[in-house]
Amino acid sequence: MTTMTVPRGGTAVRAKGSLLAHSWHFTAQSVKVLWRQPVYMLFMLVQPMIWLLMFGQLFQRVVELPGFAGINYTDFLVPGVVVMNAIFTGAWSGVAFVEMMERGIMDRMLTTPVRRGAIIIGSLAYHGLSLLVQGVIVITVGRLAGADYPGGPSGILVTLLASTLLIAAFCSMSNAFGLLLRTREALIGLSQFLTLPLMFLSSAIMAQQAAPDWIRTLSAYNPVDWAVVASREALSASPDWGTVWGRLGALAAVALVLGYLGTRAFGSYQKSL
Amino acid sequence: MHHAIQAERLVKTYGKVRALDGLSFEVPTGTIFGLLGPNGAGKSTAVRILTTLSRPDDGTATVAGLDVMRSQDQVRLAIGCVTQKISVDPATTGRENLVLHGALYGLPRRDLRRRTDELLARFGLAEAADRPARTYSGGMQRKLDVAMGLIHRPRVLFLDEPTTGLDPEARAALWAEIAGLAADEGLTILLTTHYLEEADRLAATLAIVDRGRVVAAGSPDALKNELRGDAIVADLAGTESLAEAERALGRVPGAREVTVSGRRLRARVDDGAAAVPLVLAALDAAGVRVGAITVARPSLDDVYLRHTGRTFEEEAA
C-alpha cells in the first residue's frame with residue numbers, strides 16, 4: 001500500500017488518514033450484508049461441522065496407529081478443522097474481487113479517492129472475523145463432542161491466532177489470483193489445486209508420525225502444518241512455547257509477504273486497464 | 001478555469017491495438033459534452049484515462065484544471081464517474097449504496113445523510129431507498145448509479161454510455177435528469193454514447209471519435225450546418241449494377257458526396273425537393289429501379305458519414 005501524499009487545499013484534506021476509515025467501511029458493509037442473511041452463516045458452518053463430526057467418527061480408531069500416542073481423535077482433530085476451515089474459506093475470498101470486477105464496482109471504486117489497501121484490508125478483516133466466529137463454534141462443538149483442551153484459554157487463543165494468520169495469507173493469495181486471473185473458474189481451479197495438497201501434506205487430520213517420510217519432510221515447509229502444529233501444541237497439557245512462537249512467527253511472515261504481493265497484484269490489474 | 005477537461009494528443013495501445021491515436025478535445029466548464037462514436041472507437045479508453053483509472057502511453061490531460069497523471073488524488077475528489085456497467089451493489093439498499101460510496105470521499109456523516117436524502121428525492125428513489133438495489137428496475141439502478149456519482153458534489157461528471165440497455169421510457173427519463181443536472185448543479189458533464197439521438201439531445205458540443213482520433217468537433221447544429229444541403233437516400237429495388245446506379249446519380253446536376261452502402265445510395269444536394277425528380281429520372285434512364293426515395297435535413301448520421309466514410313448503422317451493426 002502506498003502512503004498518501006497529502007495535497008494542499010481544502011478538498012484533499014478530507015482524504016487524509018482515510019485508510020483506517022475506508023477499511024472499516026468495507027468490513028462493516030460486508031458484516032452487515034452477512035448479518036442480514038444469517039442463513040449464509042449456517043452454510044459457512046456446514047463444512048467444518050461435517051469434518052468435525054464425520055471425520056471424527058470415521059477415523060475414530062485411527063489413533064490406534066503407532067504415532068498417535070493413544071490420544072482421543074476428537075482432541076486431535078479440532079485444531080485441524082479450525083485450520084482447514086481457514087484455508088478453504090480464505091481460498092475463496094478472491095471470488096468477491098472477481099464479482100466486483102464483473103459488476104464494474106472495482107473500476108468505479110478505483111476512480112474514487114479510496115485507498116487500494118483498504119479494499120484488501122476490508123476483505124482480510126471480514127474473513128478474519130468470520131473465521132473467528134466459526135473457530136469459536138467449532139471449538140465449542142468439539143468440546144460437546146467430547147474433545148478436551150488441556151492447554152486451556154491460552155491454547156484456544158493461539159489456535160484462533162494461528163488460523164487468523166493463515167487465513168490472511170490465503171485471502172491475500174486468493175485476492176491476488178482474482179485480480180490477475182479475473183475469472184471465477186480459473187481462480188477456483190487454481191485455489192483447489194493448492195489447498196487440497198497443502199491440507200493433506202499437513203498433520204491436520206493425520207499424525208505426522210503415522211505419515212510417510214516424504215510427507216513429513218514436505219510438511220515441515222508447509223504453512224498449513226505450522227498452524228496445525230502451533231495450535232495443537234498450545235492446546236496440549238504442557239506446550240513447548242518455543243515451537244508455538246516459532247510457527248506463529250513464520251506464519252506472520254508468510255501472511256505479510258502474501259499480503260504485500262496481493263497489494264502488488266492490484267497495481268498490475270490497474271496497469272492492464 | 002475555462003476548460004473543465006482538456007485532452008491533448010492522448011495515445012493508448014493495448015498490445016497491437018491502438019485504442020487512442022492522438023485524441024484531443026476540450027470541454028468548456030459547465031456544459032454537457034458528448035463523445036460520439038461506435039463501439040471500439042476509443043471513447044471508454046479516453047474516459048478511463050480522464051478518470052485516473054488508466055494511464056496514457058503518450059499525451060496529457062487535465063480535469064478541473066488538474067493533471068490526471070500527476071494529481072490523481074485531487075482529480076478523484078473533483079470527479080464523479082458512472083461506468084458503462086451499472087455498478088450498484090445489489091445486496092445493499094439504495095441508501096446504503098449512496099452512504100458507502102459517499103464515505104469513500106470522507107464526507108462528514110451529517111452532510112452525507114443530507115446529501116443522500118437530497119439525491120434520493122432528486123432521482124425519484126425516496127420510496128425505494130430502503131429496499132435492496134436488486135429489487136430495482138434497470139432504469140432505477142441506473143439512476144442510483146448516477147446519484148452515487150454525484151454524492152460528493154463533483155465538478156465534473158463522467159457518464160460512460162449511461163442509457164445503454166435501458167428501455168426507451170427509462171432512457172427519456174434519464175435524459176431529462178442529465179439535462180437538468182448540468183443546469184442546476186453547474187456541473188460539467190462528459191457523456192459517451194453511440195446513440196446519435198442522445199448526443200443530439202444532450203450535448204452542447206460534441207466530438208466524433210473514429211479509430212482513436214477526433215474526426216469532427218463542434219455543436220450538433222454547427223456540425224450539421226457544415227454539411228450544407230439535404231441528404232437524398234434512394235433504396236434500390238432491383239439487382240442492377242450498383243456502380244452504374246452510382247454513376248447515374250453522380251451525373252445529376254448539384255449532386256455530390258455520392259456513396260453506396262448495401263442497396264442504398266446517398267447523395268447530398270442543395271435543395272432536396274427539387275432534386276428528387278432529377279434523381280429518379282437519371283436512375284430510370286440508367287435502368288435502375290428505385291424502391292423508395294427520401295429527402296432529409298442533415299442529421300448527425302450524415303455528419304458521421306461525411307467524416308468517417310461510413311454510416312453509423314454500419315458501424316454499430
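Here is a short exchange on a predicted two-chain model and its interface.

Trainee: What ground rules apply to this model?
Mentor: Residues count from 1 along each chain as its sequence is written, chains are lettered from A and ligands numbered from 1 in the order written, and side-chain values use heavy atoms, without hydrogens and water. The model is predicted: totals for chains, interfaces and linings use all residues, side-chain atom pairs count only at pLDDT 80 or more, and local features need pLDDT of at least 70.

Trainee: How much area do chain A and chain B bury between them?
Mentor: Interface size is often given as the accessible area lost when the parts come together. Here it is taken with a 1.4 Å probe and summed over both parts. Carbon and sulfur atoms hold 55% of it, and the total is about 2,900 Å².

Trainee: How many salt bridges cross the interface of chain A and chain B?
Mentor: A salt bridge needs a side-chain nitrogen of Lys or Arg within 4 Å of a carboxyl oxygen of Asp or Glu. Over all chains the count is 25. One that joins the chains pairs K32(A) with E96(B), at 3.6 Å, N to O. Across the interface the rule finds 4.

Trainee: Why does the salt bridge of D73(B) and R115(A) join two chains?
Mentor: Their side chains meet at 3.0 Å, N to O. R115(A) sits in the loop between α6 and α7 (116-144) of chain A and D73(B) in helix α2 (residues 72-78) of chain B, so the pair joins two chains.

Trainee: How many residue pairs are in polar contact across the interface, and which element gives the largest share of the chain A side?
Mentor: A polar contact is a pair of N or O atoms within 3.5 Å; within protein, one must be able to donate a hydrogen and the other to accept it, and residues adjacent in sequence count only if both atoms are side-chain atoms. The rule finds 10 such residue pairs, both residues at pLDDT 80 or more.

Trainee: How far apart are the centres of domain 1 and domain 2 of chain B?
Mentor: An automatic or database assignment sets the bounds. Domain 1 is 3-221 and domain 2 is 228-297. Taken over C-alpha atoms, the centres are separated by 41 Å.

Notes: Buried area = accessible area lost by both parts, 1.4 Å probe. Helix = DSSP H or I, 4+ residues; strand = E, 2+ residues; numbered from the N terminus.
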